[in-house]
Amino acid sequence: MTTKTSTKGQPEETKTSFSYTAEPDSTQMEAENKILRETVAQLQQELIKYQQPALMICEVVEAIDNNRHAIIKVPNGNQFFVNVAAGCETLAYGDSVLCEQKNLMALKKVPPMKKFDIEKFVIIEKPTMGWDQIGGLADQIRDVKEVIELPLQKPELFKKVGIDPPKGLLLYGPPGTGKTILAKAVAASTNSTFIEIVGSELVQKFIGEGAKLVKEVFQLAREKAPSIIFIDEIDSLAAKRIELGTSGEREVQRTFMQFLAELDGFKRLDNVKIIAATNRKDILDPAILRPGRLDRHIHVPQPTGEGIKEVLKIHTRNMKLSKSIDMDRLAKEMEGFSGAEIKSACTESGYFAIRQDKFHVGQKEFLAAIKKVKNSEEFKENQAHMAMYG
Ligand code: ATP
């Protein structure tokens, strides 16, 4: 709003888009004043919040002297003896508490933290693969069916006869021989949830969380039962240890102890089964192989003779092959290959055909693919593994 001088020398109001009386009444001013004071108060409150340092969430190890002091554990694992604020609720072992950052005084108990979201850390699936996708392992398939499938499908049989089925089994053998697909096939045939964890990840990726993760995996398996927990590379978790020097070794040991406790804690006829896999049975801690734990051990060897032909047939099932292909000759050339290497040779032969604009894979492409696999670093590594550990 602006003013200009009238011809009579009196100031005159110009019209603006809004208007109010030149002298607002006192109630209106009071109301405006009140709003302003409230706004200032609110802003002051906000300013105080900005100035306050964050509080630390700690874990109570022990409450002492009628809640006047406590031993708390800060997130990096260090423990402190601290004062507890007068208004703080009674603390107990395992509670989460908010503490001042400077002096770690415990101020307020907070509700337990949200459950660790285990589903983010493991692979959970409902496999669909059938037994017919596994070649050359008829004896192993029979054993897996007996140990896992039968108790899950017909627990009453075991009750009637009065015997306890094993809680789980150990599949051992060289890399790429079909241990994982055996576990997936039995999960599919029993319509079980397949929960996969990798031993090396458990101890390397989730440092400090291994034991908790193991506990949660078993809990998840119970919730999703019937289920199969598949632990690949169990040797990373359960290798014999001579000494527990470093904190890393102690951490692995804690995770392993939790695993044993979980194994011991569930009943044989619970519809949760454990399948562990390793390439190094020789280094496993005997504690894990004891009766009542992983007490059935199934050797999954490299295929030979007829086994190679079976695996070859499975992986060429959907391929377009020339009539001239000599499967017996190819199988002979693949002597020493694992199932994974046979599969890899099949895929490679397809690439050789594509590169030559062919839609059929012939003997020539297959032989070139076999040669390529034999020259690969992985094949050489596997050969060295076989020579060392069998
Ligand atoms: P690792 O010890 O390295 O974990 P693994 O023994 O668990 O290996 P798998 O993951 O089961 O091996 O096999 C890898 C792939 O090789 C499978 O997806 C499958 O395609 C093929 N394969 C391995 N063995 C067989 C087999 N006996 N029959 C058919 N395919 C096989």
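The exercises below work through a predicted model of one chain, each with a solution in steps.

Residues are numbered from 1 along each chain as its sequence is written. Because the model is predicted, local features need pLDDT of at least 70 and side-chain atom pairs count only at pLDDT 80 or more, while totals for chains, interfaces and linings use all residues.

**Exercise 1. Describe the chain as a whole and state where the confidence is lowest and highest.**

Step 1. Begin with secondary structure, where helices (H or I, at least four residues) and strands (E, at least two) are DSSP runs numbered from the N terminus; the chain has 14 helices and 13 strands.

Step 2. Turn to burial, for which a residue is buried if 20 or more other C-beta atoms, placed from the backbone, lie within 10 Å of its own, exposed if 12 or fewer, and partly exposed in between. Of the 390 residues in the chain, 30% are buried.

Step 3. Consider contacts, meaning pairs of residues whose C-beta atoms, placed from the backbone, lie within 7 Å. Among those between residues at least 6 apart in sequence, 68% join residues at least 24 apart.

Step 4. Read the confidence, given as pLDDT, the predictor's confidence in each residue from 0 to 100. The chain averages 85, and 88% of the residues score at least 70. The lowest mean, 45, belongs to strand E1 (residues 3–5), and the highest, 95, to helix H4 (residues 179–189). Over residues 1–17 the pLDDT is below 50, and this stretch has 13 contacts in the model beyond near neighbours in sequence.

**Exercise 2. Determine which residues of H4 are buried and what covers them.**

Step 1. The buried residues in H4 are Lys179, Leu182, Ala183, Lys184, Ala185, Val186 and Ala187.

Step 2. Their cover includes helix H2 (138–153) together with the strands E9 (168–172), E10 (193–198), E11 (227–232) and E12 (272–278).

Step 3. Take Ile275 as an example: leaving out residues up to four places away in sequence, Ile275 touches Gly168, Leu169, Leu171, Ala183, Ile228 and Phe230.

**Exercise 3. Explain why the ligand shell lies between two domains.**

Step 1. Count a residue as near the ligand if its C-beta atom, placed from the backbone, lies within 6 Å of it. There are 19 residues around the ligand, of which Gly178, Lys179, Thr180, Gly339 and Ala340 come nearest.

Step 2. Trace their origin: H4, helix H10 (306–316) and helix H12 (339–355) each supply at least two residues of the shell.

Step 3. Domain bounds come from an automatic or database domain assignment. Since domain 2 (118–299) and domain 3 (306–389) both give residues to the shell around the ligand, it lies between them.

Step 4. For the composition, Ala, Val, Leu, Ile, Met, Phe, Trp, Tyr, Cys and Pro count as nonpolar, Asp, Glu, Lys and Arg as charged, and the others, Gly among them, as polar. The shell divides into eight nonpolar, eight polar and three charged residues.

**Exercise 4. Locate the backbone exceptions at Asn191, Asp357 and Pro226.**

Step 1. Recall the background: most residues other than glycine have a negative phi, and most peptide bonds are trans.

Step 2. Asn191, in the loop between H4 and E10, has a positive phi of about 55° although it is not a glycine. Asn191 counts as exposed because 11 C-beta neighbours lie inside 10 Å.

Step 3. Asp357, in the loop between H12 and helix H13 (363–375), has a positive phi near 55°. Asp357 is exposed, with 6 other C-beta atoms within 10 Å.

Step 4. Ala225 and Pro226 are joined by a cis peptide bond with omega about 0°, and Pro226 lies in the loop between H6 and E11.

Conventions
Two residues are in contact if their C-beta atoms, placed from the backbone, lie within 7 Å. A residue is near a molecule or strand if its C-beta atom, placed from the backbone, lies within 6 Å of it.
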